[in-house]
Amino acid sequence: MAIVNYAEKEITCKIVYCGPGLSGKTVNLQQIYKTVSPERRGELVSLATETERTLFFDFLPLEIGTVHGFKLRFQLYTTPGQALYEASRKLILRGADGLVYVVDSQKERLEENIKIFEALKKELSMVGYKFEEIPFVFQYNKRDLPNISSVEELNIHLNVDGKYPYFEAVAIEGIGVMETLKGIMQLVLGKIGRK
């Protein structure tokens, strides 16, 4: 839930990047860190294992500007994708204002994408959220690889009703990263504006 500090005139929103391990969540934050000017971002903090996989989370604070006299800040987090880190994911999901689900588009990863997506819905429920009520977008990542599922296939299995926005991306090259971020920010701000 967005934190509104009336004394400091600040609104802080939390966006969490979820998805299977090695889908590109950390790469998204690294690309955002490279793209956003140092005046508008903090340091990227990563807690990674020796194999450079995310152990707990990555964190990147951003300051976007001012809306109606309030400074607007976003805090970007990633979750670990491996199934054994369910407890960590639930902790990170608490207080989320929006979610980005980073999909590994490779055909051999489709089952894992579906499994982690279903687990995400359950984990959200366990921390008191209704999945249908939280701003959400898909990012179909790794679109440059040769053996990928079509967007139609991904939508059939993940975005069944077609109601969630999706963005194609090659996060390692920065393609689609900022578009995804802007997409989820607009949904989060739209929800805050309706309250």
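Me: Which residue does E168 meet in a salt bridge, and how far apart are N and O?
Reply: This model is predicted; local features need pLDDT of at least 70, side-chain atom pairs count only at pLDDT 80 or more, and totals for chains, interfaces and linings use all residues. Residues are numbered from 1 along each chain as its sequence is written, and side-chain values use heavy atoms, with hydrogens and water left out. A salt bridge puts a side-chain nitrogen of Lys or Arg within 4 Å of a carboxyl oxygen of Asp or Glu. The side chain of E168 meets that of R143, N to O at 3.3 Å.

Me: How many residues apart are E168 and R143?
Reply: E168 sits in strand β8 (residues 166-168). R143 lies in the loop between β7 (136-141) and α4 (151-157). Helices (H or I, at least four residues) and strands (E, at least two) are DSSP runs, numbered from the N terminus. The pair links distant parts of the chain, 25 residues apart.

Me: Why does R143 count as buried?
Reply: Buried means under 20% relative accessible area, exposed over 50%, and partly exposed in between (1.4 Å probe, protein chains only). E168 counts as partly exposed because its relative accessibility is 44%. R143 counts as buried because its value is 17%.

Me: Are R109 and D104 buried or exposed?
Reply: These two form a salt bridge, with the closest N and O atoms 3.1 Å apart. R109 and D104 are both buried.

Me: Which strand holds E63, the salt-bridge partner of R73?
Reply: The side chains of R73 and E63 meet at 3.4 Å, N to O. R73 is in strand β5 (residues 70-78), ten residues from E63. E63 belongs to strand β4 (residues 54-67).

Me: How many salt bridges does the structure hold?
Reply: Side chains of opposite charge can pair when their charged atoms come close. The structure's total is nine.

Me: How much space lies in the second largest pocket?
Reply: On a 1 Å grid over the protein atoms alone, a pocket is an open set of points where a 1.4 Å probe fits, with protein on both sides within 12 Å along at least five of seven lines; lining residues have an atom within 4 Å of a point. Grid points are joined across faces, edges and corners, and a volume is the space filled by probe spheres set on the points. For the second largest pocket that gives about 340 Å³.

Me: Which residues are closest to the centre of the second largest pocket?
Reply: The lining has 17 residues. Helix α5 (residues 177-194) gives the largest share, three residues. Closest to the centre are M1, A2, D97, K191 and K195.
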